[in-house]
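This briefing is meant for a reader who is new to the structure shown below.

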Amino acid sequence: NVRDLLSGHDLSDPSTPLSTPDLRLIISRLESHSLHIKSKVRSYLLSHREDFASLFSQCNDAVFKTNEISDNVSGILSLISDRPIDVEIRKLVDEIGRTTKEAREKREMLGLLKIIVGICERLEGARSAFSDGRLRFAAEEVKELKKALRIGDEEEGEPIVYGLLRKQWADLFDEMQDLFSKFMENAVRFEQDSRTIRVKYKLCVDKMDGIELHTVMEAMDVAGILDYSLAKAADLIIKHAITPAVSYGSPAMFAEDVNQGSEGISEAVLKILPSQDCKIVDVDGDAIYARVIQVIKFIFKHICFGNGSWIRSFGRLTWPRISDIIISKFLSKVVPEDASKLVDFQKIVKRTSEFEFSLKEMMFLSASDGKDYRLSSFSENVEVHFAFRKKTEVLGKARNLLLQCDFSVPQDYTSKGPLLKNDGMAINSSDQVVDLIFSSERCVVSKAASQLMELVHQTLQDVCLSSARVALEIYHAVRDAILLYEAVIPVKVKLERQLDGINQVAILMYNDCLFLSQEILGLAFEYRTDFPDSIKEHAVFADMAPRFHLMADEILQRQIQIVIFNLREVIDGADGFQNTHQMQQFESAKFSIDQAVFILEKVHIIWEPLLRPSTYKRSMCMVLESVFSRITKDILLLDDLAAEETLQLQRLIHMMLDNLSSLLKSLISAFDSNEKSEEDTSRPIDDLIPSLRKIRKLGELLDMPLKSITSAWESGELMSCGFTILELKDFIRAIFADSTLRKECIWRIENVSLY
């Protein structure tokens, strides 16, 4: 610290600034101190002069030796560069490596060639063995060659020759299969004339004579193609022996025979004979199972020669089809149709179990594979099969009923009066005239709907008598049968385009849906208490009712809209009822009115006998309202009417109302007869068809004096008929010429309106 060179007492504070004299003093003292250090260094160097001289000498020697080593290394490098020995050594090593590799590859190729030649010789040897009749040896060779050629385990990058060898093996294998198939065709034959299955023990195929069947079976087993070669024999036995044996209506009988030769058994014969007791029905299946076991024992003894492995292979090949035949031709036909007969079916369950146990003892069935016991599984689950059969039966009947539906009306049906219950009126006895549970009315439904609900009621009675498991399945079948109407009928009538016109099909469909919706609501109340306890909570029908009710409304509304659309098209032909004072225009308007009346009468003839009175009344009033309001509107829109024109328009209105008098009377009778129904029908017909009163009044206005028209408005009569002030003013301007009286009357009409 330079401050230590100063001796003042005020320099203890580092923040105190130094004065010029202080700085000069510091410089002087530093120079003195530097000279002192230099003197010490010089004294040290002089005192150690010999040591430093020795050190510098050693350093010089080291530098000299380093230069000498560098020169030597440079010389060596020059020598190496002029004569590259390492390159020659490297070439020699590479040449030795190539030679060694070529020698190794040649040895490997030689080994591979020996293997290929050996395989080729074995392939030819196997082919020759087949030709010579040494079948077992040939089969073993084929099997061993399959392993040697790694058939099914090919790898990429293998020699091409391996592919050629595999092709040769595949060709040989195909030839072997064809040869063994020919042997089996020669061994097992069916003679149609004598209805006999003949098994030959000595075989002759392709100039190979005297080959024993047992030898062929051994060779096929060794080659692993037993299943393939036995396939045709299995088909023959199933077709000509097993199927007749299982026939439930006309079973066959079997007789075995063996032909002995000088060298032993030459052939075995199974004769198929017609049963002598065709009228006896095998209820328990004893005879059927005995015949099948007889056939299988014949196979076990004369084709498989008592070999368990061979009969097991035959069983794997044939049992799925045999079990299907037994199920379809016997077990499924004896499934009880009534729940009360399920107990008797237990005898068949026992016989079936014993039958499969016998097959297991013969090793025809596996002792460990539970899938082989298909018959026992089927028979033990008889409740499921009973339910399935019942469900199939119910759905089949329902589908047939619906597909055969032609929406015809019963011939003995009479439409004299509405269909009411318990009102003293004669009730039609037809099955198609049905009661509505939640209404006092009756309606006519299609034969399909009536029979469908009859089927539903019969089936639900079976549900009440069935076990819980069966009851649940049949309950779902009932629901599906009802819903089939929704799935089948609309598609059927749509394809036949029966809903695009005015006909009774739509009305019967409406009645069907209404009837089904109410019947569905009543099912739970009628049967639920008798259902098994386990399904009472699950048995619900009410969820289906709204669907049919909605469908009924849609069908009826569509039919009403079709009628209204046809009527509008007809009225459009009147061209707004203009110029009816001209003969051609009047005839055109009259023709349109006649067509409208014809359509309404057609609707009346179809609707009144089939619809409920309340529905007929409501629907027909809707249609008439659309017709009357349209005609009234067209006439009121005319802006200039001659006197003769008003008379012609009045004539058209009166003619239309006269022609519709019978239809209007039918509505009045519907009102009167429906007084006891749930609807309020005390209102007069004019209130239900507002435009009827209006069009009648319009007919009067067409030849009424202006003052009388004004008075009728002032009295409120015209307003009660549905006329508006604007319509009345336009009507007056169209009929009466401009005058002081017309202006006065219009003013009075407006004044009454304002008042």
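A residue is called buried when its relative accessible area is under 20%. The model is predicted, and a search of the whole structure finds eight aromatic pairs.

**Aromatic pairs**
- The rings of Trp169 and Phe173 are stacked, because their planes stand at 15° while their centres are 5.1 Å apart.
- Both residues of this pair belong to helix α5 (residues 160-187), where Trp169 and Phe173, four residues apart, are separated by about one helical turn; Trp169 is buried, as is Phe173.
- The rings of Tyr485 and Phe548 have centres 6.4 Å apart and planes at 55°, so this pair counts as tilted.
- Distant parts of the chain are linked by this pair, since Tyr485 lies in helix α14 (residues 468-495) and Phe548 in helix α17 (residues 545-572), 63 residues apart.
- Tyr485 and Phe548 are both buried.

**Other aromatic contacts**
- One aromatic cluster is formed by Tyr289, Trp319, Phe330, Phe355 and Phe364.
- Phe723 has the charged end of Lys694 sitting over its ring, 5.4 Å from the ring centre.

**The loop between α17 and α18**
- Asp575, found in the loop between α17 and α18 (583-610), has a positive phi of about 55° although it is not a glycine.
- With a relative accessible area of 47%, Asp575 is partly exposed.
- Phe577 also has its place in the loop between α17 and α18, and its phi is positive, near 60°, in a residue other than glycine.
- Phe577 counts as buried, at 2% relative accessibility.

Terms used: Residues numbered from 1 in each chain as written. Predicted model: local features only at pLDDT ≥ 70, side-chain atom pairs only at ≥ 80, totals over all residues. Heavy atoms only, no water. Phe/Tyr/Trp six-rings, centres within 6.5 Å; stacked < 30°, edge-to-face > 60°. Helix = DSSP H or I, 4+ residues; strand = E, 2+ residues; numbered from the N terminus. Buried < 20%, exposed > 50% of the residue type's maximum accessible area, 1.4 Å probe, protein only. Lys NZ or Arg CZ within 6 Å of the ring centre and 35° of its normal.
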